[in-house]
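Please look through the sequence and the structure shown here before reading on. The paragraphs below are meant to be read with both of them in view.

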Amino acid sequence: MMNKKKSELSNDRPDSDPSSRDRPDSTVEYPLVQGQVSVYPKDGVCPWCRLQPILEPNSFVVLSGGGLLMNRKEKVGGPSRKIDGFLDLTWHEAHGDSCEDEAGKCILPMAQNVFGGQFGVICCSVQCLRGILNHWLDTMEREIDGTKNEAVHGDM
Ligand SMILES: [Zn+2]
């Protein structure tokens, strides 16, 4: 059923919500894809719940991204060795009162220098992908907090 009411959707959630920020086995490290590794995970098991098999013949959700090297004349494009793919979260601190203050910066890549330019992160469900995305954002938040604390306590 595609058109469930919101209340029905919330009843579908299991007691242990897989999008919960506390993953049973918290070994997700960033970047998830890098260099020759363009697909995460490699083992055919959902990287968030670590319970469900992914890829065919199972159902799965893919966060895919990257670029296409275009041949504008032929109106076709595809992956290319000339392209490296990336997906970053970047935070830039406000400048301080002094022009000489160096602003803090955090960059947390999900995809870094992926050969060919295209990548995919695969989960068994939208809930599990949400878990990964929440984890990515939470990790970024912790890094930002760490940068702010360094700035406050760094001169001691
Ligand atoms: Zn899963």
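What follows is a walk through this model, from its overall make-up to some individual residues.

This is a predicted model, in which local features need pLDDT of at least 70 and side-chain atom pairs count only at pLDDT 80 or more, while totals for chains, interfaces and linings use all residues. Residues are numbered from 1 along each chain, following the sequence as it is written. The term pLDDT stands for the predictor's confidence in each residue, on a scale from 0 to 100. For the protein, the mean pLDDT is 84, and 77% of the residues reach 70 or more. Over residues 1–15, however, pLDDT stays under 50, and for this stretch the model has one contact beyond four places in sequence, where a contact is a pair of residues whose C-beta atoms, placed from the backbone, lie within 7 Å. Where pLDDT is low, the predicted coordinates should not be read in detail.

The protein has two helices and eight strands; both kinds of element are DSSP runs numbered from the N terminus, helices being H or I with at least four residues and strands being E with at least two. Read from the N terminus on, the elements follow the order α-β-β-β-β-β-β-β-β-α. Among contacts with a separation of 6 or more, 72% are accounted for by residues 24 or more positions apart. Of the 156 residues in the protein, 16% are buried, where a residue is called buried if 20 or more other C-beta atoms lie within 10 Å of its own, exposed if 12 or fewer do, and partly exposed in between, with the C-beta atoms placed from the backbone.

How are the strands joined to one another? Strands of a sheet pair through backbone hydrogen bonds, either parallel or antiparallel, and two strands are taken as a pair here if DSSP finds at least two bridges between them. The parallel pairing is that of strand S1, residues 33–34, with strand S7, residues 105–115, and it extends over two bridges. Within it, Val 33 stands opposite Ala 111 in S7, and Gln 34 has Gln 112 in S7 as its bridge partner. Strand S6, residues 84–92, runs antiparallel to S7 and is joined to it by eight bridges, with His 92 standing opposite Lys 105 in S7.

S7 also holds Asn 113, whose phi is near 45°, a positive value in a residue other than glycine. Asn 113 counts as partly exposed because it has 13 C-beta neighbours inside 10 Å.

Another strand to follow is S8, residues 118–123, which is mostly covered, as five of its six residues are buried. Strand S2, residues 39–40, runs parallel to S8 and is joined to it by two bridges, and the bridge partner of Tyr 40 in S8 is Val 121. Strand S3, residues 61–66, runs antiparallel to S8 and is joined to it by six bridges, and here Gly 65 has Phe 119 in S8 as its bridge partner.

Tyr 40 also takes part in a cis peptide bond, which joins this residue to Pro 41 with omega at about 0°. Pro 41 lies in the loop between S2 and S3, and Pro 57 is found in the loop between S2 and S3 as well. The peptide bond from Glu 56 to Pro 57 is also cis, with omega near 10°.

In the loop between strand S4, residues 69–71, and strand S5, residues 76–78, the reader will find Lys 75. Lys 75 has a positive phi of about 55° although it is not a glycine, and Lys 75 is exposed, with 7 other C-beta atoms within 10 Å.

Is Glu 150 buried or exposed? Glu 150 counts as exposed because it has 11 C-beta neighbours inside 10 Å. Glu 150 and Gly 104 are 46 residues apart in sequence, and their C-alpha atoms are 9.3 Å apart in space.

Definitions and conventions. Contact = placed C-beta atoms within 7 Å.
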